[in-house]
Amino acid sequence: MGQWAVYNPKYAGLLPATSQPAAELMFIAIGDSVRPWNPPVLAQRIQQIGQAGRIPVLEIGLRGDQPTAQELAGMADKLFGIDDEVANGTKWDQRLDDLVQTAKNYKQPLMIRIGGEFSGWWNGYHPYDYPRAFRKIVAMFRAAGVENAAFVWCYEP
């Protein structure tokens with residue numbers, strides 16, 4: 001089921017009880033955005049998805065707020081993602097550590113979709129840094145002993 005928390009209950013309500021979605025997506029932007037970074041709220045949302053009988057799918061966006069199409073057209077550098085900063089530095093490691101601990105504390109199966117649709121222009125990822133960032137994040141989860149997560153490599157065809 002998609003990332004739209006306001007529409008998901010309406011969609012699920014249209015389906016028979018025997019045909020409910022198995023998973024539900026939630027977006028988490030690692031970079032700065034209008035939404036404050038709040039790990040307890042993220043943990044609460046993961047719990048709510050699990051209590052609804054679905055597997056949480058955490059989409060870790062390697063960006064902050066996405067530019068509008070007009071803003072993007074005016075940008076000299078269309079690669080605005082922070083995948084390069086994640087791959088080559090530690091600026092965002094605390095937020096990633098927060099997610100690692102949240103996933104570990106959940107103790108139920110979940111999926112981690114890192115930079116989903118990474119090849120889409122709307123993400124602005126760097127072609128050489130994105131794979132490094134993906135590997136770094138997976139390594140952080142594994143080093144912390146997170147055993148309840150499956151990692152999703154999601155491109156945009």
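Reader: Where is Asn-123 found?

Author: Asn-123 lies in the loop between strand 3 and helix 6; helices (H or I, at least four residues) and strands (E, at least two) are DSSP runs, numbered from the N terminus. The model is predicted: local features need pLDDT of at least 70, side-chain atom pairs count only at pLDDT 80 or more, and totals for chains, interfaces and linings use all residues. Residues are numbered from 1 along each chain as its sequence is written, and side-chain values use heavy atoms, with hydrogens and water left out.

Reader: Why is Asn-123 called buried?

Author: Buried means under 20% relative accessible area, exposed over 50%, partly exposed in between (1.4 Å probe, protein chains only). Asn-123 has 0%, so it is buried. Its contacts (heavy atoms within 4.5 Å) include Arg-63, Phe-80 and Phe-118.

Reader: What makes the pair of Phe-134 and Trp-153 edge-to-face or stacked?

Author: Rings of Phe, Tyr and Trp (its six-membered ring) pair if their centres lie within 6.5 Å; planes under 30 degrees apart count as stacked, over 60 as edge-to-face and the rest as tilted. The search finds eight such pairs in the whole structure. Tyr-125 and Tyr-130, at 5.4 Å and 10°, are stacked. The centres of Phe-134 and Trp-153 are 5.0 Å apart and their planes at 80°, so this pair is edge-to-face. Phe-134 belongs to helix 6 and Trp-153 to the segment after strand 4 (149–152), 19 residues apart.

Reader: Why is Trp-153 called partly exposed?

Author: Its relative accessibility is 46%, so Trp-153 counts as partly exposed, whereas Phe-134, at 11%, is buried.

Note on methods: Lists of a residue's contacts leave out its neighbours within four places in sequence.
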